[in-house]
Each structure stands twice: as C-alpha cells, then as structure tokens.
Amino acid sequence: MELQAGEGRVIAAAGLGRVLVATAVSVERDAVARAFGALSLESDETALGVVGRAHPFRPSGTTAHGGSGATAHGGSGATAHGGIDVIAAGVGPALAAASTASALTAAVLQGDPYGLVVSAGIGGGFQPEASVGSLVVADEIVAADLGAETDDGFVSVTELGFGTVRHHPPEDLVRLVGNAVGARTGAVLTVSTVTGTAARARALRERHPTALAEAMEGFGVAEAAAAHGVPVLEVRAISNPVGPRDRAAWRIPDALAALTEGFGKIVPVLEGWNRHDQ
C-alpha cells in the first residue's frame, strides 16, 4: 500500500522533535493527514475497516532517502528530521500497542526518535458532556475493563496489584491543546468491547465519573509510549453517544471532519511545546 505524499508542513520544534500520530483505521489516518493539506480523498464516508499493519503517512513530502514529493511506503523507514508520521495502527489496545511500539523502536534504531505520541481518532461520547461532533482531550487515559469481575463488582488490575490502568498526558499540553480546539478535557476510557447498553454506560460512568469518551486504542498506545519514555496525548472526535447501540445516531463523517479541523489547530500548539520544560 502506498500514499502519495503531497505538499505538507513539517513540525520542527527543537525541543519536541518528531511526532507519531497513531490512529486505528485508514479513514482516521486520512482525516488527520488532511489537516496538513497533504491528502485529498473523494470519499469521506468510507466505511471503517480493520487495518492489518501500520502504514506511515509523511506530510513532509520526503521519503526515507530524503527525496521530495515521493511516495511514503508502509513500514517504519526513516523520515526527515522533524515532522509528523501518521499511522493506522489497527483496532483494539493490543494491536495499537504492538504497532506503536514497533514504530517507536524503529525510530530509535534509526537514530531519529519520536518526542511525542498522539492517539487520535473517533469515539463514543458520554452524554451530555461530550456531544456528537465535538472534540475531547484526555487528561487521563484509562483501561476501563482491564481487571476482574467479582461478587463485589469490578476490580481493576491496579487494585489487584498487577500494574497500572492509567496514564496521564502532560498537564500543560492537555490544557494548551484543549484551549486551542475548544475541547473539554477529562478521562478517555479504553475498552476492548464497545459499550452497547445503557446499563454498561451507567456502570462505566459510576466507576469513572470524569469520563468523557470511550475508544479502543488509547491505553495500548500509551503503554507503548510509556515503555519508551515518550509522553502521550489522546484526542477523540465524538461520533456517537455511549450507550444503546443505535447506528442511526452515528455521525462518522461529522466526527472525521472535526478531527481534521482540530488537528489543523493542534499543530501550532505542538510546534511551540517543549517537553524538556516539564
């Protein structure tokens, strides 16, 4: 699979370096890429499909060998110093973690590591705080169903003593990005099974009262980032309410459009953010 890299912009923040944006599927990847003016697709309403491996899109318009206006191939080849790589890492926390970790490792081996990882895409929003078509920025990335069911209710892996179920993005970056796109900030839950009933939606909100959205990849991406000592951010565009599964209520094209618009405003924030000031 190939994507033709058009004229785009490069992040060249001295303190941040390159940015890896990990989406789940190709339509999310392409929505982010459009924010750089580097990709034009005729169909905005492509059905969401499963992506088997990560294919980086490089808005800088350069190849691994430094040429200009050439194609960006699937895989984790080196890019020009400074810039954004956007990948479709796959659906679910396990594949998202594996694909993100692979990209991060390859970058380190090539001597051009990433300075930030962003988990981005669409997701369900808890109503009424996160309305359909809005953006949310995670101040906590939470594995909501990683643990055990007991007679006394759900017990998280952290409570069981086997690890963490939370990652915290940099507070100042969350604030800056939230302000730039006019987004609410709160917990974004990672689930392996999308919520489809009112009862489960209530149970999640009871356990996670600050939750604004749920998706399936953020925690996996955050785990990979943490293993490499790289900060992480999660941005979600709301495509549907969390609750009873109602396809008629889904607004995927609206959410993808919001994702594109939002990333156009996020890029200047990333350009000015320096992780070493933390």
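## Surface, strands and cores of a predicted model

The accessible surface of the protein comes to about 11900 Å², and 52% of it belongs to carbon and sulfur atoms. Accessible areas come from the Shrake-Rupley method with a 1.4 Å probe; for residues, only the protein chains shown count as cover. This is a predicted model: local features need pLDDT of at least 70, side-chain atom pairs count only at pLDDT 80 or more, and totals for chains, interfaces and linings use all residues. Residues are numbered from 1 along each chain as its sequence is written, and side-chain values use heavy atoms, with hydrogens and water left out.

**Overall make-up**

The protein holds 7 helices and 12 strands. Helices (H or I, at least four residues) and strands (E, at least two) are DSSP runs, numbered from the N terminus. Of the 278 residues, 51% are buried. Buried means under 20% relative accessible area, exposed over 50%, and partly exposed in between (1.4 Å probe, protein chains only). Take the contacts in the protein with a separation of 6 or more: residues 24 or more positions apart account for 80% of them. A contact means heavy atoms within 4.5 Å.

Two strands pair if DSSP finds at least two bridges between them.

| Partner of β5 | Sense | Bridges |
|---|---|---|
| β2 (residues 18-23) | parallel | 5 bridges |
| β12 (residues 232-241) | parallel | 9 bridges |
| β11 (residues 211-215) | antiparallel | 2 bridges |

Single residues show the pairing. L20 stands opposite V117 in β5. I122 stands opposite A237 in β12. In β11, A213 is the bridge partner of G125.

R18 and Y114 also meet. The charged end of R18 sits over the ring of Y114, 4.2 Å from its centre. A charge sits over a ring if NZ of Lys or CZ of Arg is within 6 Å of the ring centre and within 35 degrees of the ring normal.

P128 lies in the loop between β5 and β6 (135-143). The peptide bond from Q127 to P128 is cis, with omega near 5°.

**The nonpolar cores**

A nonpolar core is a set of buried Ala, Val, Leu, Ile, Met, Phe, Trp, Tyr and Cys residues joined through side-chain atoms within 4.5 Å. The largest has 35 residues; V21, V32, V118, L173, V177, L233 and F263 touch the most other members. Elements that each supply at least two residues of this core include β2, β5, β12, α4 (171-181) and α7 (252-272). The largest share, 10 residues, comes from α7. A second, separate core of 27 residues includes A103, A143, A222 and A225.

**Helix α4**

Which residues of α4 are buried? They are D172, L173, V174, V177, G178 and V181. An α-helix has 3.6 residues a turn, so residues three or four places apart point the same way. What covers the buried residues of α4 includes β5, β6, β10 (184-190), β12 and α7. Not counting residues up to four places away in sequence, L173 touches L116, L233, V269, L270 and W273. Just after α4, G182 takes a positive phi of about 65°.

**A histidine in a loop**

H208 lies in the loop between α5 (198-207) and β11. Is H208 buried or exposed? H208 counts as buried because its relative accessibility is 10%. Leaving aside residues up to four places away in sequence, H208 touches V142, A144, R166 and L189.
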